[in-house]
Amino acid sequence: MSKILILGASRGIGLETVRAALEAGHEVRAFARSADSVTIENAKLEKLTGDALEAGDVRSALAGVDIVIQTLGATINPDTILQGTRLFSEATRVLVDAMVAEGVKRLICVTGIGAGDSRQHLGIAYRLAFTFSLRRIYDDKDVQEQIVRRSGLDWTLVRPGLLRDGRATGLYQVLEKPEDWKVGPVRRADVALFLVDEAERGTCRGKAPVIIA
């Protein structure tokens with residue numbers, strides 16, 4: 001079993017991935033500014049409070065780690081809708097530099113449908129909504145993906161569809177080919193199952209699959 005570092009572990013996909021990785025028997029280091037809020041208790045879980053934008057925090061978090069899963073999220077509010085964010089690109093640059101320095105090779109990075117070359121596959125209706133609400137946020141995810149692709153690491157980019165809550169079903173699709181990419185709902189817990197499976201098997205190394213139900 002691997003020791004997995006999960007960044008952004010206190011909520012959303014990150015928290016679900018902590019749960020899924022522990023259930024699969026892995027050691028997990030849950031890294032977040034509010035890591036103490038993670039209510040899961042497990043002998044194989046280490047909760048580490050830190051800032052993904054602070055190089056020292058990130059380098060410390062990488063000690064003894066085999067695989068990194070980055071699941072950062074940004075709050076969607078009027079400021080981020082109108083002005084965008086640099087969280088994803090800046091945190092990813094910090095992470096990549098730290099991984100190179102510490103010799104950790106394997107990175108699984110969650111972005112989203114609409115990032116990079118998947119944007120043209122959104123469909124007309126969703127593309128209009130995306131343009132008015134998420135475009136500036138996803139502009140930074142575009143930069144994030146470019147950093148990962150150029151990192152020299154052993155990477156996978158993961159692009160979930162429209163995120164939903166609910167228990168994992170295991171019934172998700174992994175769309176690897178651009179001609180198959182499309183918008184669709186997916187549960188956060190099912191994205192977490194895919195992330196753990198990818199950590200174990202690495203079937204999408206060097207790829208950027210879209211994940212939908």
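Helices (H or I, at least four residues) and strands (E, at least two) are DSSP runs, numbered from the N terminus. The model is predicted, so local features need pLDDT of at least 70 and side-chain atom pairs count only at pLDDT 80 or more, while totals for chains, interfaces and linings use all residues. Residues are numbered from 1 along each chain as its sequence is written, and side-chain values use heavy atoms, with hydrogens and water left out.

**Exercise 1. The whole protein**

Task: Find out how many helices and strands the protein has, and what its radius of gyration is.

Solution: 
- Step 1. The secondary structure comes to seven helices and 10 strands.
- Step 2. The radius of gyration is taken over C-alpha atoms, and the globule rule is 2.2 Å times the number of residues to the power 0.38.
- Step 3. For 213 residues a compact globule would have a value near 17 Å, and the protein's 16 Å agrees with that.
- Step 4. Along its principal axes, the C-alpha trace spans about 45 × 35 × 30 Å.
- Step 5. Next comes burial, where buried means under 20% relative accessible area, exposed over 50%, and partly exposed in between (1.4 Å probe, protein chains only). Of the 213 residues, 49% count as buried.

**Exercise 2. Helix α7**

Task: Work out what span helix α7 should have, and compare the distance between its end C-alpha atoms.

Solution: 
- Step 1. The expected span of a helix is 1.5 Å times one less than its number of residues.
- Step 2. Helix α7 covers residues 188–201, and its 14 residues should span 20 Å; the end C-alpha atoms are 20 Å apart, which agrees.
- Step 3. Look along α7 for buried residues: among them are Ala-189, Val-191, Phe-194, Leu-195 and Glu-198.

**Exercise 3. The nonpolar cores**

Task: Find how many residues the largest nonpolar core has, and which have the most contacts inside it.

Solution: 
- Step 1. A nonpolar core is a set of buried Ala, Val, Leu, Ile, Met, Phe, Trp, Tyr and Cys residues joined through side-chain atoms within 4.5 Å.
- Step 2. The largest such core has 37 residues, and Leu-5, Leu-62, Val-68, Met-99 and Leu-107 have the most contacts inside it.
- Step 3. Several elements each supply at least two residues of this core, including β1 (3–7), α4 (87–102) and β5 (106–110).
- Step 4. Helix α4 gives the largest share, seven residues.
- Step 5. Another core lies apart from this one; its 27 residues include Leu-22, Ile-67, Val-158 and Val-191.
- Step 6. Now focus on Leu-5, using contact in the sense of heavy atoms within 4.5 Å. Beyond its neighbours within four places in sequence, Leu-5 is in contact with residues including Arg-29, Phe-31, Leu-62 and Val-68.

**Exercise 4. Salt bridges**

Task: Find which residue forms a salt bridge with Arg-106, and decide whether Arg-106 is buried or exposed.

Solution: 
- Step 1. A salt bridge is a side-chain nitrogen of Lys or Arg within 4 Å of a carboxyl oxygen of Asp or Glu. The structure holds 17 of these.
- Step 2. Arg-106 pairs with Glu-198, with 2.7 Å between the closest N and O atoms.
- Step 3. This pair links distant parts of the chain, since Arg-106 sits in strand β5 and Glu-198 in helix α7, 92 residues apart.
- Step 4. Both Arg-106 and Glu-198 are buried.
- Step 5. A network of salt bridges links Arg-106, Asp-154, Glu-198 and Arg-205.
- Step 6. For another pair, take Glu-41 and Lys-47, whose side chains meet in a salt bridge (2.9 Å, N to O). Glu-41 counts as exposed because its relative accessibility is 65%, while Lys-47, at 27%, counts as partly exposed.
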